Amino acid sequence: MNTATPQQCALALEKASYIAVGTGTINRDAPPQVWVALSEIMCINTESKSFFAFGSYGWTGEGTDAVDLRLRQCGFLQYSEPFKVCMKP
């Protein structure tokens, strides 16, 4: 998400059968580049795709939970609960 365009990220996510999205938490949220890439995803025909959200954080860890919620709202199947690690990028 840091080196590709949001459209390239969305295309890769749409082609994938399984998605793992990692994010840090900055200011109690996922960083802007994560949201820009996820906003490009077409939330159509996602029910057959599984995802997993993971990330690191310093204090609160909401970024990973927010990504998890967004992908569930788009209809993706949650593979497991979000995995978060404190202070281990």
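This is a predicted model: local features need pLDDT of at least 70, side-chain atom pairs count only at pLDDT 80 or more; totals for chains, interfaces and linings use all residues.
Helix α2 spans residues 32-39, and its buried residues are V34, A37 and L38. Viewed down the axis of α2, these buried residues fall within an arc of 95°, so they line one face of the helix. An α-helix has 3.6 residues a turn, so residues three or four places apart point the same way.

Most residues other than glycine have a negative phi. In the model, however, phi of N27 is near 55°, a positive value in a residue other than glycine. For R28, phi is likewise positive, with a value near 65°. Both residues were also examined for accessibility. N27 has a relative accessibility of 73% and therefore counts as exposed. R28, at 57% relative accessibility, counts as exposed too, since the cut-off for this class is over 50%.

Residue S56 lies in strand β2, which comprises residues 50-57. With a relative accessibility of 19%, S56 counts as buried, because the limit for that class is under 20%. When neighbours within four places in sequence are left aside, S56 is in contact with T23, G24 and T25, and also with V85, K88 and P89.

Definitions and conventions. Residues are numbered from 1 along each chain as its sequence is written. Side-chain values use heavy atoms; hydrogens and water are left out. Buried means under 20% relative accessible area, exposed over 50%, partly exposed in between (1.4 Å probe, protein chains only). Helices (H or I, at least four residues) and strands (E, at least two) are DSSP runs, numbered from the N terminus. The arc is that of the directions from the helix axis to the C-beta atoms. Contact means heavy atoms within 4.5 Å.
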